[in-house]
Amino acid sequence: MSEITLSGLEKRYGDTLAVEDVSVTIDDGELLCLLGPSGSGKSTTLRMLAGLETPTDGTIHIGDEDVTDRPAYERTTATVFQDWALFPHKTVIENVAFGLKMEGVGKTERRERARGMLERVRMESHADENPMNLSGGQKQRVALARALAVNPDVLLLDEPLSNLDKRLSEDMQIELREIHEEFEETFVHVTHDQDEAFTLADRIGIMAEGNLVQVGEPDEVYENPKNRFIEGFLGDTNFVEGTVERTTPDSIRVETELGREVVLSTANPDALTEGTSLTLSLRPEILSTESAESGSEDDATGRPALADGSTTNSIVGTVENVLYRGSTVRYSVAVDGTSMFVERTVADSGEFDAGDEVRISWDGADVLAFRDDGSRVDL
Amino acid sequence: MHRETIEDALFRASYLSILAFMLLPLAVVVVTSFAESGQLLFPPENYSLVHYRGFFEETRWISAFDNSILVGVGTTIVATALGVTAAFGHELDDGRAGQLLAPLVLVPLLIPPIILGISMRVYFVRAGMDASYLSIILAHTLWATPLVYFVMRSVFSRFDWRLLDAARDLGAGPIQSFVYAVLPNVKHGIFVGALLAFIVSLQEFVMALFLSSHNTETIPVVAWTTLRQSLDPMVSVVSTFLILISIGAIAVAAIATNLDWLSKQLS
């Protein structure tokens, strides 16, 4: 039984508040990713879980036991550190056997078990080498084997993939998932890389400024971000400032810096009153882009193209920049003095060049809106 | 020749001549120890090993030699234990107490040894430890501890503290994690610190003069009292032994670690 409960966790260093309030229950066997920018308190939270830091407030339960004040060496957690922290004066197999040695397991048995774990991560041929002579990916595997060798209830991973190159990191993500399924242990994985979090996690916990802002399954967090910070952090988006101009029973019209009003569809027209300032998020994946000549002509009037009650919006702008990003092309488009970006896959028909007029359109139902305090409007 | 080559050569030549000028007295000491006459003259008229024989027949010198080694080893043990643990504790908790520690540790090095010697004499007489080996060891420890401490600060500042985290995380308690994760990575530094403590104790004279008795006097004390009576080549013999011990200790250190590493630790 290794369900973990963190309640009201706080860590203060003098006047600095590293972690303000983290409360979450991590299910037995779950893989939770703590995702956040650097300085958000995610690593400190992990270190408190490991027992390497003592919280200044709050409690940590692993299973039914309160382990808040229990030191690291008496906890059933094991950590894979960011720079792997392999003992440079020990061989690879001695590193892996270290935890078992501390448990008092006899030499023959611990070497046997360590060898088995090295086989699991396909590093058995390096058993007698000095870990300092290994490549980053190999060190990563040894660090993983060392942590798994003590058969922990909870495996803690502190950005272990951040020092690997992209390809290797992606391979390791898949391997970590496999190991997670095989060992049926609770994993807590800290990362600042949203792709990594989305690939690995059963649930993602988003941290900002020492607080756990939102916890949920990856698609839920992505589609229903709780606030503007999460929306901006989880992917690139166009934030557009605006003011509510008019509400109708099923739509909200927002006067924006794009020089024209944007129509949002709503089931909840009372959520907003006229004059409220808003930030709208227009993600590249909801925007479709076509050449301006092929569209309808009503844009000259500045009115949104509304047909039979739909909330399709469209605007015309001029391509300023073309940025090739591998499989996608990103265009930055000047719209009435401000700038937006849209993306198209290379496979999409037709490419635009700088100076081309394009029409960008989207469904108002797909737009997310945030109040000035960052909270999301429930449309 | 290029300007840079000439500058290099000039720099080296002047550096070496300054070094040679400073080291020449050592050569004088060694050469005079082989003099045949009973007077300290340089260069000696005739050479012989007569004073070396004299040294091994003189019980006062032999016992001073024993005393010096005893005090040196004692100082090394106490100063190394104190210096290493202080530096380790300072690295672990760099709070307000730590900021006070560094200047506090430095204080004994800034007080003239003659003042330390007099005040410790008074102190140890009151404490009933007058003229004991322990009093000299403690006095030398006062000097040697800061040296060990500063060597270890520099060693620990290069230590990867995540290794300690990793060891604790894998179930090693406070002592085990120090022994298994820290010690193997800093043992060269501890060795260098211990060596410094030993050499400091071996050559310290002023405090030992105040604190020793006839039974506990160390080599520099005997050398001084002998010199005051007569300029005797025996002093040169003893000095030659001291020089050999120091060179021997550094040679052992150089072999045990390696010179390149040693110079890095001390720089």
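Guide: Let us begin with A:Arg141, which counts as buried at 14% relative accessibility. Please note that this is a predicted model, in which local features need pLDDT of at least 70 and side-chain atom pairs count only at pLDDT 80 or more, while totals for chains, interfaces and linings use all residues. Residues are numbered from 1 along each chain as its sequence is written, chains are lettered from A and ligands numbered from 1 in the order in which they are written, and side-chain values use heavy atoms, with hydrogens and water left out.

Visitor: Why is A:Arg141 called buried?

Guide: Buried means under 20% relative accessible area, exposed means over 50%, and partly exposed lies in between (1.4 Å probe, protein chains only). A:Arg141 has 14%, and therefore counts as buried.

Visitor: What makes the contact of A:Arg141 with A:Glu175 a salt bridge?

Guide: The term requires a side-chain nitrogen of Lys or Arg within 4 Å of a carboxyl oxygen of Asp or Glu. The closest N and O atoms of A:Arg141 and A:Glu175 are 2.7 Å apart, and the pair forms a salt bridge. A:Arg141 belongs to helix α4 of chain A and A:Glu175 to helix α5, so the pair ties together parts that are 34 residues apart in sequence. A:Glu175 has 8% relative accessibility, and therefore counts as buried.

Visitor: How do you know that A:Glu182 and A:Arg120 are joined by a salt bridge?

Guide: Their side chains meet at 2.7 Å, N to O. This pair links distant parts of the chain, with A:Glu182 in helix α5 (residues 166-183) and A:Arg120 in helix α3 of chain A, 62 residues apart. Helices here are DSSP runs (H or I, at least four residues), as are strands (E, at least two), numbered from the N terminus. A:Glu182 has 45% relative accessibility and so counts as partly exposed; A:Arg120, with 21%, is also partly exposed.

Visitor: What separates A:Lys166 from A:Glu170 in helix α5 of chain A?

Guide: About one helical turn separates them, because they are four residues apart in that helix. A:Lys166 forms a salt bridge with A:Glu170, the closest N and O atoms being 3.3 Å apart. A:Lys166 is exposed at 62%, whereas A:Glu170 is partly exposed at 36%.

Visitor: How many salt bridges are there over all chains?

Guide: By this rule the count comes to 28. A network of salt bridges links A:Lys11, A:Arg47, A:Glu53, B:Asp165 and B:Arg168.

Visitor: What is noted about the phi of A:Trp84?

Guide: Most residues other than glycine have a negative phi. A:Trp84 is not a glycine, yet has a positive phi of about 75°. Its place is in the loop between β6 (77-80) and α2 (92-103) of chain A, and at 7% relative accessibility A:Trp84 counts as buried. A:Arg122, another residue other than glycine, has a positive phi near 55°. A:Arg122 lies in the loop between α3 (107-120) and α4 (136-149) of chain A and, at 54%, counts as exposed.

Visitor: How many helices and strands does chain B have?

Guide: The secondary structure of chain B comes to twelve helices and zero strands. Of the 267 residues of chain B, 38% count as buried. B:Tyr123 is placed in helix α5 (residues 113-126) of chain B and counts as exposed at 56% relative accessibility.
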